[in-house]
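Come along and follow the entries with the model at hand.

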Amino acid sequence: MEEKRILVARSSMPPFEEYVEAIRPLWESAWLTNMGPNHELLKQKLADYLQVPNLSLFVNGHMALELCIQAMGLTGEVITTPYTFVSTTHAIIRNGLTPVFCDINPKDYTIDVDKLESLITEKTSAIIPVHVYGNICDVERIDQIAKKHNLKVIYDAAHTFGETLNGVGVGNFGDASMFSFHATKVFHTIEGGAITTADKHLDAQMYKLKDFGIKDEEVIDGIGANAKMNEFAAIMGLCNLVHLDEEMAKRKVVVERYRKHLSNVAGLTIMQEVPGVKSNYAYFPAVFDEKIFGETRNDVFARLKEHNIFARKYFYPLTTDLECFGDRFASADIPVARYTADRVLTLPMSASLSVEDVDRICDIILNR
């Protein structure tokens, strides 16, 4: 008999009847997109939930980031991290900018602020750090460095929806933050994203850019894109938001079960609670040091797969090493990122994962 199939992620869904009832009025109004009433309601509810002054919704997180960069009018070079999903790098390059890669720190895999300032040149216009696996960057030091050199800061906050740092919503740091509402995220709208900012002018620019640069019915004074969120997606978000705290509580149980089994295992590094951070329990990465653990990450990955369990090498390859870039970034000085990418495995993580499933996953990992 085939063993139960467990994927690295499983989308949280509201009760079917709840979503059906919520979309039913669309058949009467026929208002399906172009900032409809559900779009506007979700926008306000998310701003309240994230404790941010301004929020703009998008068709996905990538377009949100790409258009935010455009709205800021950045030029030249942008310092970022190689330890991220390729979307971050694509958004920079597609705006005609040059990404400059800063290494990560081995503690939480976010950008290494000790190496950041040495990469700043006269061409640098911004920093785009990434909150990784729910780990929040050193926002205080990044802010100090950015102000010293008059640089903009856009946080890729795709992994940190709903998190707070010392009571402050994570979307309040930097000049802007991008959130992804992709189906596999803690909170999702099937596909979707948002930009949060305290800058009302930037917020207004984002609104125009996601709607073809339209100012009003007769004036188009900007070169924009079509990146609006539709009503079906907005309603999915409204439904999921109702159940979000419950879903995160379930994720916490899963994380704590993993920690029970995998803490204090020689050669295995996992994330622990961080003081001052309210976590969303989005991911559970494990880094395997083959010299101490006795097996490589790839060995563990393959053994889990034999049991119909699908973990993910996330992030591997590094964005600097992807085929689409050739050897353009081969000279990047990023030893910690390379070490981590070669050894990391994100384990299955979802609100629907049972503790029995976690026990089985951990047994397979440890019984080597």
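Before anything else, I noted that strands (E, at least two residues) and helices (H or I, at least four residues) are DSSP runs, numbered from the N terminus, and that two strands pair if DSSP finds at least two bridges between them. This is a predicted model, where local features need pLDDT of at least 70, side-chain atom pairs count only at pLDDT 80 or more, and totals for chains, interfaces and linings use all residues. Residues are numbered from 1 along each chain as its sequence is written, and side-chain values use heavy atoms, with hydrogens and water left out.

**Entry: the sheet.** I looked up alanine 126 and found it opposite lysine 152 in β5. Strands β4 (residues 124-128) and β5 (residues 152-156) pair in the parallel sense, over 2 bridges. I then read the order of the open sheet, whose 7 strands run β1-β9-β8-β5-β4-β2-β3 with mixed pairing. At its edges I found β1 (54-58) and β3 (98-101), each pairing on one side only.

**Entry: a helix on the sheet.** Which strands does helix α5 touch? I found α5 (residues 86-93) packing on the sheet against β2 (77-80), β3, β4 and β5, where contact means heavy atoms within 4.5 Å.

**Entry: the core.** I looked up the largest nonpolar core, which has 65 residues. Such a core is a set of buried Ala, Val, Leu, Ile, Met, Phe, Trp, Tyr and Cys residues joined through side-chain atoms within 4.5 Å; buried means under 20% relative accessible area (1.4 Å probe, protein chains only). Leu46, Tyr83, Tyr133 and Phe181 have the most contacts inside this core. Helix α9 gives the most to this core, with 6 residues.

How values were computed. Axes are lines fitted to C-alpha atoms, for helices over the stretch in contact, and angles run from 0 to 180 degrees between N-to-C directions. Buried means under 20% relative accessible area, exposed over 50%, partly exposed in between (1.4 Å probe, protein chains only).
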